[in-house]
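This report walks through one protein model for a reader who has not seen it before. The sequence and structure come first, and the description follows.

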Amino acid sequence: VLRWDSKDTFFFFDPPWRFMQYDPKHTLAYCDRTVKQYYEDIFRMVPTLKGNWIIAGEVHEKESGRLMQNSGYPNIVIRTNYKMLGGRIQVRLCSNKPFKRHIQTELFS
């Protein structure tokens, strides 16, 4: 991240949301720390970045300790009418810039 950081860089961080999805027997998934530790590391780094950024996370932040909600940065929750794994698809986003909705679409209604 720091190697590519500039005022013209945009970063999209999508750290793990749930640790159990990274079962050690699953060789294609890798998680070397807790979900909360990933978010703590990111929130230590983002104040130093020259570029803009967005962090994606689980809407309720069960494993990240509500670091996004309590960060002081703008947050928005995106909910869709589509379902996955028995519930509506939703995501919390946090950014160093305010969120603005320009167009209301079916996906985000």
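**Basis and confidence**

This is a predicted model, in which local features need pLDDT of at least 70 and side-chain atom pairs count only at pLDDT 80 or more, while totals for chains, interfaces and linings use all residues. Residues are numbered from 1 along each chain as its sequence is written, and side-chain values use heavy atoms, with hydrogens and water left out. The predictor's confidence in each residue is called pLDDT and runs from 0 to 100. Its mean over the chain is 85, and 80% of the residues reach 70 or more. Confidence is lowest in strand 3, with a mean of 87, and highest in strand 1, at 97. Where pLDDT is low, the predicted coordinates should not be read in detail.

**The sheet**

Helices (H or I, at least four residues) and strands (E, at least two) are DSSP runs numbered from the N terminus. Two strands pair if DSSP finds at least two bridges between them. Four strands form an open sheet with mixed pairing, in the order 1-2-4-3. Strand 1 (10–13) and strand 3 (75–84) are at the edges with a single partner strand each, so one side of each has no neighbour in the sheet. On average, neighbouring strands are turned by 20 degrees against each other, direction ignored; the axes behind such angles are lines fitted to C-alpha atoms, for helices over the stretch in contact, and angles run from 0 to 180 degrees between N-to-C directions.

Strand 1 and strand 2 run parallel and are joined by four bridges. In this pair, Phe-11 stands opposite Trp-53 of strand 2. Strand 2 (residues 52–57) also pairs with strand 4 (residues 87–95), in the antiparallel sense and over four bridges. Here Ile-54 is opposite Ser-95 in strand 4.

Buried means under 20% relative accessible area, exposed over 50%, and partly exposed in between (1.4 Å probe, protein chains only). Five of the six residues of strand 2 are buried.

**The helix and the cores**

Helix 1 (residues 35–45) lies across strand 1, strand 2 and strand 4, at about 165 degrees to strand 2. A nonpolar core is a set of buried Ala, Val, Leu, Ile, Met, Phe, Trp, Tyr and Cys residues joined through side-chain atoms within 4.5 Å. The largest such core has twelve residues, including Phe-11, Tyr-39, Trp-53 and Cys-94. Strand 1, helix 1 and strand 2 each give two or more residues to this core, and helix 1 gives the most, with four. Apart from this core lies another, of six residues, among them Ile-54, Ile-76, Val-91 and Leu-93.

Contact means heavy atoms within 4.5 Å. Leaving aside neighbours within four places in sequence, Tyr-39 has contacts that include Pro-15, Trp-17, Ile-55 and Met-68.

**Two loop residues**

Glu-61 and Arg-66 lie in the loop between strand 2 and strand 3. Each has a positive phi without being a glycine.

| Residue | Phi | Relative accessible area | Class |
|---|---|---|---|
| Glu-61 | near 55 degrees | 3% | buried |
| Arg-66 | about 55 degrees | 47% | partly exposed |
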